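Dear colleague,

Please find below the structure that I am handing over to you. My findings follow directly after it, and I would be grateful if you read them with the structure open.

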Amino acid sequence: MVNNPFGDIGAKKKAKAEDFIEDAKVDGSKKLDQQARRGANYKDTKTGETINLGGKVLQVPLNAYELKTLSEAALQEGLPLATFLRVIALKHVKNM
Amino acid sequence: MIYVICNEKGGAGKSSIAQSLAVYLKLEHNTDALLVDADPQRTTAEWAGERAESELPAILCIELTGNITTQLKKLEYQYSSIIVDCGGADSKAMRSALTVANVALLPFRAKRRDLKVAPAMAEIIDMAKTINSNLKTYSVITQAPTLPSQGYRIQGAKALLESLELKPLKHVTRNLNAWDDADEAGQSVLEWKHDKKAGDDARNVFSELLGEIKNG
């Protein structure tokens, strides 16, 4: 029946074969990386799906002078040092 | 006909059931049976290797991993029976096999730790059935305690599996040494002459399974 007012009730959700297979806990592509850094993914509150993010953690070696100067500047701006570096660098990129 | 022997929990007797079913179909039903070992532990592949070196009728066995849908579809034209032995894990091999199989047989021991994964397995089977409407699912209690006083455990396990729509078979396999002894010699319990009780259990389970498939 085309105009069945109850057409949306009781219909079983049909899985897509590819998604069903890739959902495998052990070797599926959607499996969670137990070694993943904090913030490497987030859980979509609507679907409950875990979405991997494409970021990366970089280690930037700083000498004592650079660390002191940048830390003071970050403090002055009221930002954590890492955030300060990201903001400053991105601002610089925009002005390039 | 593709049979998938699967259960996320290890140690339930998937390999033993898969090997015996292959022997049963080949020797007692004269079908062209192929074993597919989709378990990285290679239990069934090694068993088939030992068997190939003996005087026993050889059972062909191949090893497949990952998404095995395409291979199974092709092999289905070459063999009348394909028995897939999945590893004790929720793997791509298990899920992909379920999307093309005709029968899923899930062995469970009547133990709390085994049965705890039953709801998750029932969910996986439900999902697989939305893709593969031909899939018929059955479960079997394996390594059942032989003491009559422990019968309530078997009944309890069957009731749970029934409630999850995993259709437990009436017959069970008992916890008998023949399962282990026969495996060592590259045989199945169906061929093990020193103790025929385990072979009878297996024969009853498979006979009931084939009957259910035919009538169900």
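Between chain B and chain A there are 2 salt bridges. In one of them, the side chain of Glu22(A) meets that of Lys92(B), with a distance of 3.4 Å from N to O. Please bear in mind that this is a predicted model.

On the side of chain B that touches chain A, at least two residues come from helix H4 (92-98) of chain B, and at least two from helix H6 (118-131) of chain B. H6(B) gives the most to this side, with 5 residues. Sorted by class, the residues of chain B that touch chain A comprise 5 nonpolar, 6 polar and 4 charged.

As for the extent of the contact, chain B contributes 15 residues and chain A contributes 15 residues. The size of an interface is often expressed as the accessible area that is lost when the parts come together. For chain B and chain A, the area buried between them is about 1300 Å², and 62% of it lies on carbon and sulfur atoms.

I turn next to the packing of helices within each chain.

In chain A, helix H2 (residues 64-77) packs against helix H3 (residues 81-94) at an angle of about 85 degrees, and their axes are 9 Å apart. This angle makes H2(A) roughly perpendicular to H3(A). From H2(A), the residues that take part are Leu67(A), Leu70(A), Ser71(A), Ala73(A), Ala74(A) and Glu77(A); from H3(A), they are Leu81(A), Phe84(A) and Leu85(A). The contact of H2(A) with H3(A) has 7 nonpolar residues, 1 polar residue and 1 charged residue.

In chain B, the axes of helix H1 (residues 14-28) and helix H9 (residues 197-215) come within 10 Å and cross at roughly 70 degrees. H1(B) and H9(B) are therefore roughly perpendicular to each other. On the H1(B) side, the contact is made by Ile17(B), Ser20(B), Leu21(B), Tyr24(B), Leu25(B) and Glu28(B), while H9(B) supplies Arg203(B), Phe206(B), Ser207(B) and Leu210(B). By class, the contact of H1(B) with H9(B) consists of 6 nonpolar, 2 polar and 2 charged residues.

With kind regards

How values were computed: Residues numbered from 1 in each chain as written. Chains lettered and ligands numbered in written order. Predicted model: local features only at pLDDT ≥ 70, side-chain atom pairs only at ≥ 80, totals over all residues. Heavy atoms only, no water. Axes fitted to C-alpha atoms, helices over the stretch in contact; angles between N-to-C directions. Helix = DSSP H or I, 4+ residues; strand = E, 2+ residues; numbered from the N terminus. Parallel < 35°, antiparallel > 145°, perpendicular 65-115°, else oblique. Contact = heavy atoms within 4.5 Å. Nonpolar A, V, L, I, M, F, W, Y, C, P; charged D, E, K, R; others polar. Buried area = accessible area lost by both parts, 1.4 Å probe. Salt bridge = Lys/Arg side-chain N within 4 Å of Asp/Glu carboxyl O.
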